[in-house]
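Here is a short report on one protein structure. Keep the 3D view open as you read.

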Amino acid sequence: MAVLESIRSDWLNYSLSTISLVLFWLVLAWIFLFEKNKRKNNVYVFSILVSLLILGMEIVGFLLLEGRALEKIFLLLPIGILIPYGGVRMTETTRNHRKKWFAILLYAIIIQSGIGFRYAAEPLQGGMNIYKVTPDVMHYVYYITEDAEDNEVFLLAPGTIASQIQEYDVDIRVAYGPGYDYYYGNLEQLLLQMDAFGCNYLLVPMEYNDEAYVKARDYRLVVIFEGHALYARE
């Protein structure tokens, strides 16, 4: 169950930034159910193999990499290949004009719903980052809030990251500003600061991370992402 929950979490994290995942799985299901020559269909076979490869990599990431985030591997899904192919095959094999137009309309609705039922350049370009924060910071906020659920968060993190998190999500309290310091390269001092400040989450750069040492001090690893390890107090 823990493995499946990890895969579900990474899948949701990836799918929030895409617009065609629903259509991808619908096309895959359509080929499986209605395509007469699916055994000879390399696109279909390739899609299945890639999906199984992603599943295997997610399991390896959970079991061997101790929670390392692997949501980016969902970019391997051949969405850009299968969706156009499926649309062509649906309209090509459908002799009924009403069904053909229904398939075209379904495509248009799903794609447009992913960008707010409007065709504009901004959503396709990623939109404006009004908080001026790096993508890594937004991911850290996601992992922290998912792990903490409704519990109060008090995070000790490097200054550059802490300042951005403070700007990006006011619900996450960070040990940043006058009276708070972050000792780079001194893991023992960081844990002493955690106790002194009363923090319950710690972000440690991987270059001086010692997982066994931190866990021995009653912390658990939440995730390793983009060169940092995120810990939570037990």
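This is a predicted model: local features need pLDDT of at least 70, side-chain atom pairs count only at pLDDT 80 or more; totals for chains, interfaces and linings use all residues.

**Strand S5 and its partners**

Start with strand S5, residues 228-233. Five of its six residues are buried, so S5 is largely enclosed by the rest of the structure. S5 pairs with S3 and also with S4, as the table shows.

| Strand paired with S5 | Sense | Bridges | Residues standing opposite |
|---|---|---|---|
| S3 (201-205) | antiparallel | five | Leu-203 and Leu-230 |
| S4 (residues 219-225) | antiparallel | six | Phe-225 and His-228 |

S4 and S5 also form a hairpin. Two residues lie between the strands.

**A loop residue: Asn-209**

Now find Asn-209. It sits in the loop between strand S3 and helix H10 (211-216). Is Asn-209 buried or exposed? Its relative accessible area is 19%. The cut-off for buried is under 20%, so Asn-209 counts as buried. Which residues does it touch, leaving aside neighbours within four places in sequence? Asn-209 is in contact with Val-204, Val-214, Ala-229 and Tyr-231.

**Helix H4**

Last comes helix H4, residues 79-93. H4 has 15 residues. From its first C-alpha to its last, H4 reaches 21 Å. That is close to the 21 Å expected at 1.5 Å a residue. Several H4 residues are buried, among them Ile-79, Leu-82, Ile-83, Gly-86 and Met-90. Arg-89 and Gly-87 are buried too. An α-helix has 3.6 residues a turn, so residues three or four places apart point the same way.

Notes:
Residues are numbered from 1 along each chain as its sequence is written. Side-chain values use heavy atoms; hydrogens and water are left out. Helices (H or I, at least four residues) and strands (E, at least two) are DSSP runs, numbered from the N terminus. The expected span of a helix is 1.5 Å times one less than its number of residues. Buried means under 20% relative accessible area, exposed over 50%, partly exposed in between (1.4 Å probe, protein chains only). Contact means heavy atoms within 4.5 Å. Two strands pair if DSSP finds at least two bridges between them.
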